[in-house]
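Visitor: I'd like to learn how to read a structure like this one. Can we go through some features together?

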Amino acid sequence: MKNVSLAAIAVLALVVSCSDETTIYSDPKDDVALEENQSVLDNSINFDNSGVLDIFELDKSTGKVSKNNNDGEAGDYPLTLVAQVNSPTYRGTLLTASHVDVEGDYAYVSYNTAGATYLGGIDAVNISDPNNPRVTSRLYYTNADINAVKYDNGYLYVAGGFDSEKSATIDFNSFVGKVTVANGRFSVSGITYGFQEGFNATDVKIIGDKLFVTSGKDGYIREYDKNNLEAGQEAAFADLRAMAIQDNTIAILDGSQGVSILDNTLSVTKDIAISSDFGDFSKRTLDFYEDKIIVSEGSKGAGVYELSSGNLTEHIPILIDPDGVATSDIVTNAVATNEGVVLMANGGAGLCLSEDNGNNTDLVGIIELNGSINYVESKEDYVFAASGKAGLQIIKMNKPSASLVAQCESSPTYSGSNNLNVNTGEELAYKGSKRFRTLNINGSLLLCGSWTVRDGIAINDNGVFEMNGTLVVARNNNRRNVTVGAGANFRVEGNLTIYGDLILNDGASLEFLGEDSVVNVFGTVIKNGSATVSGTFRDVQNKF
């Protein structure tokens, strides 16, 4: 490992801002370690649990949460777990994922360590190929926790806390760092830092050329020039946890009193008083939500407030599954929104999905994930859940493409059993986005959109199955097969993932349509007798 230091005495540049409360310096010499072992990075990606994700749904008649039963209706939200990024270990200490920022082809993940130990890090994860995410670079901070990250124009800005008692030059625990990143790789050359009062820097955001950093107990929100980290205006608050920015409006969450809305001079224009107990030194976030703001409020769940008036619209409660979770671990740590979907990181109670119905929010259920969920971020077709010691979990929402829906305009949207049986002589065609348990095809079936199947597909003798869009079958830790019977035809246009075997019996045909189809088989492709495969496709696992 190559080392550089956050708290070095010798520095190449030392600048003290006009407030005498921010110190900036460059190119320190110890206590930052760049991971140079490529095998460590390669082995950080874990596909063990990849595949179809079930949702423990809320039964509105009983108020209880349970898996969809074997003969229930097909569920909405055909989510899949792409992979997990294992939390790194540094000299025997396991770090925990704390935050994630997504920009372009990369997800940037921060890590910290619970308790009095200062130890953290950052990862760059290439997500350009959803079938094959890769950790391209990792930087350890051996005397600092990293609590938040933000990428902008070739730099990753990191916010956290470090042990100032080990420094001969710095008196403040809260810091922001500017790390060069190119093509998913961090550089330890020329790292620049700024320091400010407060127990721990908790969040970092950017508006134009301005960088904003919040620090916790007895801290500040402070503006920096993002180019050189020179400090500008600031405002003191008792206990800042997080920020959200929308159209140059800044919302901050103060654990001592609630939400404050700030203008670009950091002056308060509105206060939204919240009486919830936000806990001491606990992660809490907020997010703009159309004309509202949604706030993670610990044991109370998520509060939704009108931005114009500050009035409480509703509290979204915490669903609990499984039973037996410690009460202290049933807390909403973070919230995120994505086109009418609300996601709540509820600690030991998991990752909850709700949907906006226009007037209020309807609880859907808890996504089938491992680990205590500390943070959630969602962008475009992905959800990124930081699950503490279980690392970062990358979830694909599998939203149906508008172009695919257009091709199937004449087909009805599917509504019915999660075990879909197509009888001999039947010709069925559907569009939509659903979760199935099984598909059993004796006749002809066309599916257009995004679909998951948990327990396997049987295209029986002389059956026809055509799919246009996205189809994912089973999970890597619970493999199931797709079997194409004698004389049956399986036509694929889009993206097909099978966690199990693809079995083509004598006389079966598999046909890929178009030029852009992708097939990702985690088991074995078995071709019996005169079975044929035709068309153009990308074979992710090289199984054909």
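Visitor: Where is S275 found?

Guide: This is a predicted model, and in it S275 sits in the loop between β27 (268-273) and β28 (286-289).

Visitor: Is S275 buried or exposed?

Guide: The general idea is to look at relative accessible area, where exposed means over 50%. S275 comes out at 70%, so it's exposed.

Visitor: How many Å apart are S275 and E297 in space?

Guide: They're 9.3 Å apart, C-alpha to C-alpha, with a sequence separation of 22 residues.

Visitor: Let's turn to strands. In which sense do β30 and β31 pair?

Guide: In general, side chains in a regular strand alternate between the two faces of the sheet. Here, β30 (residues 302-306) and β31 (residues 312-316) pair in the antiparallel sense, over four bridges. For one of the residues involved, A302, the bridge partner in β31 is I316.

Visitor: And which residue takes a positive phi in the hairpin of β30 and β31?

Guide: That's G310, with a phi near 80°; the hairpin has five residues between the strands.

Visitor: Now the inside. Which residues touch the most other members in the largest nonpolar core?

Guide: The idea is to follow buried nonpolar residues joined through side-chain atoms within 4.5 Å. In this case the core has 46 residues, and L79, L351, L369, F384 and I394 touch the most other members. Strand β37 (residues 382-386) gives the most to this core, five residues.

Visitor: What does I394 touch?

Guide: Leaving out residues up to four places away in sequence, its contacts include L81, V125, P133 and F384. Apart from this core lies another, of 40 residues, including L439, V453, Y499 and L504.

Technical notes:
Residues numbered from 1 in each chain as written. Heavy atoms only, no water. Buried < 20%, exposed > 50% of the residue type's maximum accessible area, 1.4 Å probe, protein only. Helix = DSSP H or I, 4+ residues; strand = E, 2+ residues; numbered from the N terminus. Contact = heavy atoms within 4.5 Å. Pairing = 2+ DSSP bridges.
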